[in-house]
Every structure is written in C-alpha cells, then in structure tokens.
Amino acid sequence: MTFKLKTLAAAAALAFAAGGAHAQISGGVVKIGILNDQSSLYADLGGQGSVTAAKMAVEDFKAKDKGLNVEVIFADHQNKPDVGTQIANKWIDNEGVDVIVDTPNSGVALAVNEVVRTKGKVFINSGAASSDLTGAKCSPNTVHWTYDTWMLANGTGKAIVKTGGDTWFFITADYAFGHALERDTKAVVEKNGGKVLGDVKVPLNNQDFSSFLLQAQASKAKIIGLANAGGDTINSIKQASEFGIVKGGQNLAGLLVFLSDVHGIGLDKAQGLILTETFYWDLNDSTRAWSKRFAAANGGKYPTMVQAGVYAGVLHYLKAVAAIKSDDGTKVVAEMKKLPTDDPLFGKGTIREDGRKIHNAYLFEVKKPSESKGPYDYYKLRATIPAAEAFRPLKDGGCSLVK
Amino acid sequence: MNTQALFGQLLIGLINGSFYALLSLGLAVIFGLLNIINFTHGAQYMVGAFVAYFLLNKAGLGYWWALLITPFIVGAVGVVIERLMLSRLYKLDHLYGLLLTFGLALIFEGAFHHQFGSAGLPYSIPESLQGVQNLGFMYLPNYRAWVIVASLAICITTWFVIERTKLGAYLRAATENPTLVQAFGVNVPRMITLTYGAGVGLAALAGVFAAPIYQVSPQMGSSLIIVVFAVVVIGGMGSIMGSIVTGFGLGVIEGLTKYFYPQASSTVIFVIMAIVLMIRPQGLFGQR
C-alpha cells in the first residue's frame, strides 16, 4: 500500500515537473483569436488577411523553438457588437483564448474591450479607429496598435486645412467610429482656423450616397469630409465623381482610406486623394520584403495597415509572453508596455501607459494612373509625421491609467 | 428646407426607385407565374454586375455589349437552376422554394466573396454617358438619367407583355390551370422555365445598370434584396404593376427620409411595410 502511494506521488511529481516549463501558460497553449469582419464591408481591410498576418507572426517568432505552443483561430463578428461580445465570452470562457486581435468596427471593439478587461485577458486592436480605446474607455488589458481617429484627423485634417480647405461638411458613418472621427477632425479643423458648415449621419453599409452628396454640395463647403470606411468610402468616392463634385470645385477628404479601398475605387477616380496611414507596403526594403511574402500567402492582395498591425502586434505580444513565461493578460500587457517594440513593418516604437502604440504616420497622395508602375503601386509620400506628433498627447486623452 | 433641395431629393429618390422597381419586377414575375419566392434574386443581380466586369476585362466588351449579353448569360444560369432544382419543388409548399433559393444565394455570394474579396471591383461609366447636366436645382449625372429612362421602359414593356399580349395570356392561364393549357398544346414546363430565365435576366440587367454606380462586390445584392422584398410585399406579391409603382414610390419616400432624418433612411421602408401589412395584408395592389 505504502509502495503504491509512493509511486503515485512520484508520478504526480514527475507530471508536475514535466509541465513546469508551461506552468504559467494556461492550457499549455497560447491561443490567439482573430475577431473581425470576415464577410462584409470591412473584410478586405482585415478579414482573412489578418489571420494570414497573425500566422506569419507566429512563424517568424519561431514560437516552437522557444517552447511556446501557439494556435491561431478566427471568427466573424458581422459588425454587430452583440455577436462580437458573445464570441469573445465564448472564446475566453470555454476555448481558452488568451488574446483577441484585430477587431475593426469601433462599436464591436469598444464592447470587446470591456469583456477582455473584465476577464483579465489581452486585446490587441489593429482594425478599429475610435480614439476612445485609449482615452475615456482605456483599459489595462488593451493595446491599440495601428492608428486611431485622432491620428487621422491630425494627419489628413490638418494637412487639408493648411492648404486652404477651411470650410467642411461631414458625411459620417452613424456609429461609434464615425462619430469619433468626425469629433476629432472637427476639433483639428476648428483649431487651425477652419469652420464646419454641417454634417449628415449615414447608416452603416449604405449603398447609395447621392442624397448625402447632394446635401454636401448644397452646403457649399470647400471640403467634404468622409468620416466612414471600407465599402462606404468606396461608394461615396465613386458617386461623388459621378455627381461632378470635384469638378464643381469642392474637394473630398477621405479621412480613413485603406489600400484595399483605393484598389476597389480604381486610380482614375481615387487619384489626388490625400490620406494618412501608418504603414504602406512600399515604404522601405523590409516592408517590401514582408509584403511580397504576405501577398503570396493572401491570394495576391497586398497588406493594409490593419493587417500589418496584426502582424506586428502579435509578434510583440509573443515576445512579452516569452519574456515573462506567462499568458496572464494583465501582466503580459504590462510587459508589452515595458518592452520597446521593434518589427520590420513599423520599426522601433513604444506602447504608452494608456495602451496607445506610438510610431510614425505618413501623409500620402494617391497616384495618377500614369504614375503607377505596377499592381498596388498607388501612393506617393507627401510627408512623414514623426511618432512624437502623430498621436494624441498622453495628457489629453482622459485615460484613467495615466497618473 | 428650400424647394431646390427638395426637388433634388425627389429626383434621386426616383433613381433609386428605378432599381427597386426593376428588381421587384423580376421577383413579381417569378412569384406571380411560378409561385416561387426567389431569394436568389439579389445574388443574380450581383452576378449580373460581375459578368459585366468580366466582359469588359476578359473579353474587352464594353457597357453596351454587357447590357445586351449579360441578361442572357445569367438567364441561362437561371434556366439551369430551374430545370435541375426548382422544377422539383412546384408541388410543395412555398417555403421549400424559398429555402432552396436562399441557400443558392448564400452559395453564390460565398463563392464570389472567396474569389474576389469584399472591397469590390472598379467599373467605369461608359464614355458616352459621362458628365452631368445642371438642372438648376441639382446636378443630374447623365448616367443616372439614363438609368431612370431605361428602367421605366423595361418595366412598362414587361407589364405590357404579361398583361396585354397573347403570350402573357398563355402565361397567366398556365399558372391558373397548367393541365388545361397543356391540353391546348402549349408546352407549359418550357414556358415556366423561360419565365424564370427572363425574371433572372431582369435581375442581371439591373446588375449591369448598377455596376458603374455601386461597387461591384459580392454583397451588393444582399444589401438590396431585403428592401426589394419589402417593396414586393408592400406592392402585393405577384402584382406586376404593384411592384413598379411601389418601387418608384418607395424610392421617393426613402429619398425624402434621407433629407429630413437620414438616420432612419435604412428603416423607413420596413416601417411602411409593417403598416401596410397591418392595414392591408395582401399589399397595396394585391388581389386577394
């Protein structure tokens, strides 16, 4: 009897010892859940491309060699906050997901932000824009990687006001993201001496913008600010060209335009648009090399800044997990903020106390069809906004984590 | 508000209405004559737009050719669907046809989404229809004017063929009593197949009209089809004239909503549908 007990104890001790290396990794596996729009208007800027990007990060990190077992799963939130919340809860409670990544659509992102905070996991947001994620709604469990509404407003908005576009009319997507983008842009316009003449709030995923364009035309504003994204931006720009808005002397400001949108609009209609992004595939040798690899794995489609952000965010997350040998959400995010960031796409950077990732932003202009030399050769660089100026100053965000 | 803006919104409402009318017309024809609720209609409209894109980019055939050829290509696909699948369901409840066509719609959309992504493909307005007219109260793009005129012409022609010609009389008789009509030597199954093909062709035609205005994307149909179903329900299932008048009418109402309270523009049609169903369940132009 005693012998039996002893062997049992020994066996148990052995089992524990064997598991020692993974003792702090829940379930023995680091599970990454890509939660985004897989089927609708935002699917091309994130979608499967984000899943590809995350898998590339796991591969490049050489997780296996470092003794980390990493798994990537994904789901479609259909742009509905309730669906997103449900998936996030299920993932964390039943499926052992440690980190939720991407999540465009600020409405869904703000909802998931709360779920992740309550459950002490990690949320690395790349796709959503609302600057509230690192402002009023900031969380010790969230890192906002790629861009935000303040940065867009500060980049595109400021550049346009400075070059004489001082009266604005907004066509705004009627949910958290559009409202935040309009608010932040309005502040920049007014601060720089411009005036906002009016706005119209349009339901998400709208097909026909002619009514709204007509109201914008009637406002006689010099600049029509498009505070929308994805398919909505594509439709507004296409139809604005049809109604002769630009020929009539008004100009469009696409406040959030992704590479995939320019691809969908075509250079003939998109040429001359000014836009702000934090990543473009043709920035330098390492972005080019990575993007070629990405395109090969993504059916020939080049990466958007959102997909680039997913790659860089996951890479940095894994570095932090490896450093503290734990996947405890709050601790990992603290470590992510402590470690300086360094990746081939965004270069060297940092993550601030409020969860805001800091890097350069770039003001681009869309090329004329005659200037484009090949597929996805769409932008020319107008200005680089240095990291220190690109994002909202820490003290202005109203984040409770900032002391 | 000023009257200029009001006129502008009314005109834009008519433009959107012409899409609703064209699509609900196809649905009404198919429902009226086949008793099938064709949920694939939106997908067929989307396929129409894609075929126009392929004709331009793979075969070098421009807009006008696309307008001519696309309805036949997509209509032929419709004929195959009718022969292989729908024809087996006529004896069953409506619900089966609805489920089958809904499933097909998901398959079409899924396949195109897998292949082409969601951001859509560019398609330009043909040279000859570019430019705008200054009407004083608004700028009217030539292309939109063309869409109103063309879709009105198609709607009226379809109505005329079905309600006022011998062919239409055969069709209507065949739905009332197929056995008797067959006894007179009319090939009823073939007629029904061709009717479905024609209905699908109408959807594809609307798709070609839409290609230069909206994004050519896999979900362009699904975002429109629900509204179009509401139009058909309000107009009265199966009523041809009902769907035309309601299509244009609701386009105008939606246009006005976009001016007065844009936030409600995506729901106003359904509010009307609910009211109509409560007061007149058979729809405004429905028979029973």
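Residues are numbered from 1 along each chain as its sequence is written, and chains are lettered from A, with ligands numbered from 1, in the order in which they are written. In this predicted model, local features need pLDDT of at least 70 and side-chain atom pairs count only at pLDDT 80 or more, while totals for chains, interfaces and linings use all residues.

**View 1. Chain A as a whole.** Chain A holds 14 helices and 15 strands (DSSP runs numbered from the N terminus: helices are H or I of at least four residues, strands E of at least two). Its radius of gyration, 22 Å, is close to the 22 Å of the globule rule for 403 residues, so chain A is as compact as a globular protein of that length (the radius is taken over C-alpha atoms; the rule is 2.2 Å times the number of residues to the power 0.38).

**View 2. The surroundings of A:Ile245.** This residue sits in the loop between helix H8 (230-242) and strand E9 (251-254) of chain A. A:Ile245 counts as buried because it has 22 C-beta neighbours inside 10 Å (buried means 20 or more other C-beta atoms within 10 Å of the residue's own, with C-beta atoms placed from the backbone). A:Gln217 is 28 residues away from A:Ile245 in sequence, with 7.0 Å between their C-alpha atoms.

**View 3. Helices H1 and H10 of chain B.** Helix H1 (residues 3-34) of chain B packs against helix H10 (residues 240-260) of chain B at an angle of about 145 degrees, their axes 6 Å apart (axes are lines fitted to C-alpha atoms, for helices over the stretch in contact, and angles run from 0 to 180 degrees between N-to-C directions). The residues of the contact of H1(B) with H10(B) comprise 16 nonpolar, 12 polar and 2 charged (Ala, Val, Leu, Ile, Met, Phe, Trp, Tyr, Cys and Pro are nonpolar, Asp, Glu, Lys and Arg charged, and the others, Gly among them, polar).

How values were computed
Buried ≥ 20, exposed ≤ 12 C-beta atoms within 10 Å, placed from the backbone.
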